Amino acid sequence: MRIPLSAPDITNDDIQAVVEVLRTPRLSLGPKLEEFEQAVAAYTGVPYGVALSSGTAGLHLGLSALGIGEGDEVIVPSFTFIAVAHAVLYHRAIPVFADIHPRTLNLSPESIARAITPKTRAIIVVHTFGCPADLDPILHIAARHGIPVIEDACEALGAEYRGRKAGGIGHFGVFGFYPNKPITTGEGGMLVTRDRELAETVRALRNQGRRPADGWLDHSLLGYNYRLSEINCALGLSQMRRLDGILAQRADRAAAYREHLRAVPELTLPVSEIPDGRVCWFVFAVLLAERFTEADRDGIVAYMAGRGIGCGRYFAPIHRQPLYAAYTGADLTATDRIAPRMLALPFFNRLTDEEIAEVCLTLREALCGAGL
């Protein structure tokens, strides 16, 4: 694609940071790992961070540390990336899908309240597209039932909710650093928490179940190889040093899109401001008017691709995926109404004004032409 959906932002300083690690004998479980963990935890406002091979690994090990097991129920959104539900199935637990707020696209507290049963053991709240979820009512509901709230902040490093950083509010939070995120480690993720015991357990689980007191070939737990290399951590550290600038840059790119598209009647633009908080721009996703069908949306994606512009069909509802057919049944009216009409436009740190203008002009053509 001439204008891709996303692109990583790698500087000479990032490259130098990686090269410096390659000149050392320590490529795993070294000082860069600890520095990266400390940097993200401190930024989030919590004492503990555990770097992992992905955000999915963070959800997996966090649920393990909470003791989630077979037959337990975990409330999750359906309008999100499928890893959230996969992490529940890894434990043979039951994903219970709740509906979203039609404007923020985050879990609705009312839908969560309706989904709770005596078997509910956790709630996973996703800060969708970097827009922080309304956590206070969700935390209140969870507290009444003694249920931990987990933040999937994989798309939301830098988002804020009522003066607090997303990821650092619930029992634990998880970030992702895939190349399409505001900062990247190539592959990677991190779990952050105030719970020292949970952090220590996750740290052991990521390294084949080895506790700090264990010898190199001794293992106290059934663990996994979910380590993040020194190379990845060095890249992440370098990117964290310019996170504030990256967030400002992405907010500016979102504002440029809004200026071009604010008068297009066929589109509802994403939420850009929340009270006493901040959106962290992961993607710029627009909602097509109700007269458009899923086939129309896919036709627009194809038209844009034909012009060399990458667009995304974010998200395909999880409860509509074949693997999760047995887990349908909840009232997911907003999810089913909105998901077929969502369209993610190209969005990344170095997207230029000219590229944004071209994307918007081509999108207008697609909306007005191509038989739509």
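The legends below describe close-up views of a predicted model.

Local features require pLDDT of at least 70 and side-chain atom pairs pLDDT 80 or more, while totals for chains, interfaces and linings use all residues. Residues are numbered from 1 along each chain as its sequence is written, and side-chain values use heavy atoms, without hydrogens and water.

**View A. The largest nonpolar core.** This core has 33 residues; such a core is a set of buried Ala, Val, Leu, Ile, Met, Phe, Trp, Tyr and Cys residues joined through side-chain atoms within 4.5 Å, where buried means under 20% relative accessible area with a 1.4 Å probe, protein chains only. Y257, L261, L267, F284, L345 and L363 touch the most other members. Among the elements that each supply at least two residues are α9 (243-261) and β12 (284-288), helices being DSSP runs of H or I, at least four residues, and strands runs of E, at least two. Helix α12 gives the most, with 6 residues.

**View B. The pair F36 and F177.** These buried residues form a tilted aromatic pair, 5.4 Å centre to centre with 50° between the planes. Rings of Phe, Tyr and Trp (its six-membered ring) pair if their centres lie within 6.5 Å; planes under 30 degrees apart count as stacked, over 60 as edge-to-face and the rest as tilted. F36 lies in helix α2 and F177 in the loop between β8 and β9, so the pair ties together parts 141 residues apart in sequence.

**View C. The pair F129 and F315.** Both residues are buried, and their rings are stacked, with 20° between the planes. Ring pairs link F79, F129, Y314 and F315 into a cluster.

Note on methods: Buried < 20%, exposed > 50% of the residue type's maximum accessible area, 1.4 Å probe, protein only.
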